[in-house]
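This report describes selected residues and aromatic rings of one protein structure. The sequence and the structure are shown first, and the description follows.

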Amino acid sequence: MSLTGNTVTVTESDDTEFVDVTVDELFFTSGGDITSTGLVAVSGLATFDATGSSISLEDAGNSFGTLNLIADTAVITEVDDTELGEIDAGVSFSLTSGGAITDITSSTIVVGEGLLTAAGDITLGDTPNDLS
C-alpha cells in the first residue's frame with residue numbers, strides 16, 4: 001500500500017504492507033499485521049493500531065513526528081529523533097532511533113519486554129510507564 005497526503009485515515013480488515021508512505025498525519029488501523037517494504041514518513045502524528053497482531057516498520061529511513069501504537073509486538077526503526085506518545089505493546093517493543101528517544105507529556109508507555117536503542121539520549125519522564 002502506498003499513501004500520500006495530508007491527514008490520512010485508513011481502516012483495513014487484513015494484514016497491511018506499506019510500500020511507500022509520505023503523509024503529514026496518519027491514523028491507520030489494521031485487522032492483521034502491519035509491515036513495510038519501503039519508507040514510511042509521517043511528519044506529524046503517526047498512529048498505528050494492530051491490536052492482537054504485530055507491527056514491523058524497519059526501514060532505516062523511516063521518520064515519524066509523534067509515534068502512537070497498539071500491537072502485541074512492535075519493531076520500529078527511525079532515522080532521527082523519536083518522540084513516543086501512547087505505546088501499548090503487550091508482548092514486546094523494540095525501537096532503534098537514529099537520535100534521541102523521548103516521550104510527550106502525559107503519554108503512557110506499556111510494553112511486555114522492551115529494547116530501546118538510540119544514537120542520542122533516552123528520556124522517558126512521564127508516569128505511569130511500564131517498561132520491562
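Strands are DSSP runs of at least two residues and are numbered from the N terminus. The model discussed here is predicted.

**Two serine residues**

Serine 107 is placed in the loop between strand S8 (101-103) and strand S9 (109-118). Is this residue, serine 107, buried or exposed? A residue counts as buried when its relative accessible area is under 20%. Serine 107 has a relative accessible area of 0%, and it is therefore buried. Its side chain is joined to the side chain of aspartate 103 by a polar contact of 3.4 Å.

Serine 53, in turn, belongs to strand S5 (residues 40-57). With a relative accessible area of 15%, serine 53 is buried. Which residues is serine 53 in contact with, leaving aside its neighbours within four places in sequence? They are Gly31, Gly32, Asp33, Ala71, Asp72 and Thr73.

**Aromatic pairs**

A pair of aromatic rings is described by two values, the distance of the centres and the angle of the planes. The structure holds three aromatic pairs. In one of them, the ring centres of phenylalanine 18 and phenylalanine 28 are 5.0 Å apart and the planes stand at 70°, so this pair is edge-to-face. The reasoning rests on a cut-off: planes over 60 degrees apart count as edge-to-face. Phenylalanine 18 lies in strand S2 (residues 16-18) and phenylalanine 28 in strand S3 (residues 20-30); the pair therefore ties together parts that are 10 residues apart in sequence.

Another edge-to-face pair is formed by phenylalanine 48 and phenylalanine 64, with 6.1 Å from centre to centre and 85° between the planes. Because phenylalanine 48 lies in strand S5 and phenylalanine 64 in strand S6 (residues 63-78), this pair ties together parts that are 16 residues apart in sequence.

| Residue | Relative accessible area | Class |
|---|---|---|
| Phenylalanine 18 | 0% | buried |
| Phenylalanine 28 | 1% | buried |
| Phenylalanine 48 | 1% | buried |
| Phenylalanine 64 | 5% | buried |

What do ring pairs link Phe18, Phe28, Phe48 and Phe64 into? Through ring pairs, these residues, Phe18, Phe28, Phe48 and Phe64, are linked into a cluster.

Methods
Residues are numbered from 1 along each chain as its sequence is written. This is a predicted model: local features need pLDDT of at least 70, side-chain atom pairs count only at pLDDT 80 or more; totals for chains, interfaces and linings use all residues. Side-chain values use heavy atoms; hydrogens and water are left out. Helices (H or I, at least four residues) and strands (E, at least two) are DSSP runs, numbered from the N terminus. Buried means under 20% relative accessible area, exposed over 50%, partly exposed in between (1.4 Å probe, protein chains only). A polar contact is a pair of N or O atoms within 3.5 Å; within protein, one must be able to donate a hydrogen and the other to accept it, and residues adjacent in sequence count only if both atoms are side-chain atoms. Contact means heavy atoms within 4.5 Å. Rings of Phe, Tyr and Trp (its six-membered ring) pair if their centres lie within 6.5 Å; planes under 30 degrees apart count as stacked, over 60 as edge-to-face and the rest as tilted.
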